[in-house]
Amino acid sequence: MGLGAEASSVIKVIQYDITDLDVDAVVNAANTTLLGGGGVDGAIHRAAGPELLEACRKLGGCPTGEARITPGFRLKARWVIHSVGPVWRDGAHGEPQLLESCYRSAFVLAKEAKARSIAFPCISTGVYRYPRQEAARIALKVMYDHNGNFRSIVACCFDAENAAIYRKLLAPSPLSGDDA
Ligand code: AR6
């Protein structure tokens, strides 16, 4: 899937801790309670401070496939967009649609907040066990659809395996004529 020069200069793949990024909005891989958890959710809550949990409490949860926005509090990011990805079962329970929807919902909120830069973790690929390759394809497809509205869209991978998958998918394909 070569995305072309223009798209791939907006979409960046990094291997890093998302809590330390200086972007307008970071996306959190949350659960339906929005009350925190492990993984990237726990890391974002620790870094943002207890005010984040207080703000999340007021939201009253979030269905799978949707997103909610709060301030970033002690993060460098001005906003945290809490997106709830699906738990992987077998792929026949709406998982692809729900994963795509949680990325799309995050972009809608980011645009409303006038964010120009946004960073995503690899939603659902941790304890929710979504197959990484398929999750990355969905994430990059939605990022590509929004690359005209943002200065920077960061796929913030935590582990080397996800980073390699994203980099391979984002790389220009010689067969598609994307020779950037
Ligand atoms: N920065 C960037 N990515 C990270 C970080 C970090 N600091 N820490 C972990 N990751 P997961 P899920 C990556 O399990 O699968 C929570 O308990 C991690 O390597 O955090 O969507 C929530 O409350 C993986 O690739 O989220 C939910 O209950 C990716 O983030 C549940 O986990 C997502 O892994 C959500 O599960």
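**Strands, a pocket and some cysteines**

Student: Hi! Before we start, what kind of model is this?

Tutor: Good place to begin: this is a predicted model.

Student: Okay, let's look at strand E5. Which way do its side chains point?

Tutor: Ser117 and Ala119 point one way from E5, which covers residues 117-120, while Ile118 and Phe120 point the other way.

Student: And are they buried or exposed?

Tutor: All of them, on either side of the strand, are buried. As for the pattern, side chains in a regular strand alternate between the two faces of the sheet.

Student: Which strands does E5 pair with?

Tutor: E2, residues 25-30, is joined to E5 by two bridges, and the two run parallel. E5 is also joined to E6, residues 152-157, by four bridges, again in parallel.

Student: How does the chain get from E5 to E6?

Tutor: The path goes through helix H5, residues 132-145, and this β-α-β crossover is right-handed.

Student: Nice. Switching topic: how much space is in the largest pocket?

Tutor: About 560 Å³. The pocket is lined by 27 residues, and Ala29, Gly39, Val40, Asp41 and Gly126 are the closest to its centre.

Student: Which elements supply that lining?

Tutor: E2, E6 and helix H2 (39-48) each give at least two residues.

Student: And which one gives the largest share?

Tutor: That would be H2, with four residues.

Student: What's the make-up of the lining by class?

Tutor: There are 14 nonpolar, nine polar and four charged residues in the lining of the largest pocket.

Student: Last topic, cysteines. How many disulfides are there?

Tutor: The count is zero. Take Cys62, which is in no disulfide: the nearest cysteine sulfur belongs to Cys102 and lies 9.0 Å away.

Student: Is Cys62 buried or exposed?

Tutor: Cys62 counts as buried, because its relative accessibility is 3% and the cut-off for buried is under 20%.

Key
Residues are numbered from 1 along each chain as its sequence is written. This is a predicted model: local features need pLDDT of at least 70, side-chain atom pairs count only at pLDDT 80 or more; totals for chains, interfaces and linings use all residues. Side-chain values use heavy atoms; hydrogens and water are left out. Buried means under 20% relative accessible area, exposed over 50%, partly exposed in between (1.4 Å probe, protein chains only). Two strands pair if DSSP finds at least two bridges between them. A crossover is right-handed if, with the strands pointing away from the viewer, the path from the first strand over the helix to the second runs clockwise. On a 1 Å grid over the protein atoms alone, a cavity is a set of points where a 1.4 Å probe fits but cannot get out, and a pocket is an open set with protein on both sides within 12 Å along at least five of seven lines; lining residues have an atom within 4 Å of a point. Grid points are joined across faces, edges and corners, and a volume is the space filled by probe spheres set on the points. Ala, Val, Leu, Ile, Met, Phe, Trp, Tyr, Cys and Pro count as nonpolar, Asp, Glu, Lys and Arg as charged, and the others, Gly among them, as polar. A disulfide is a pair of cysteine sulfur atoms within 2.5 Å.
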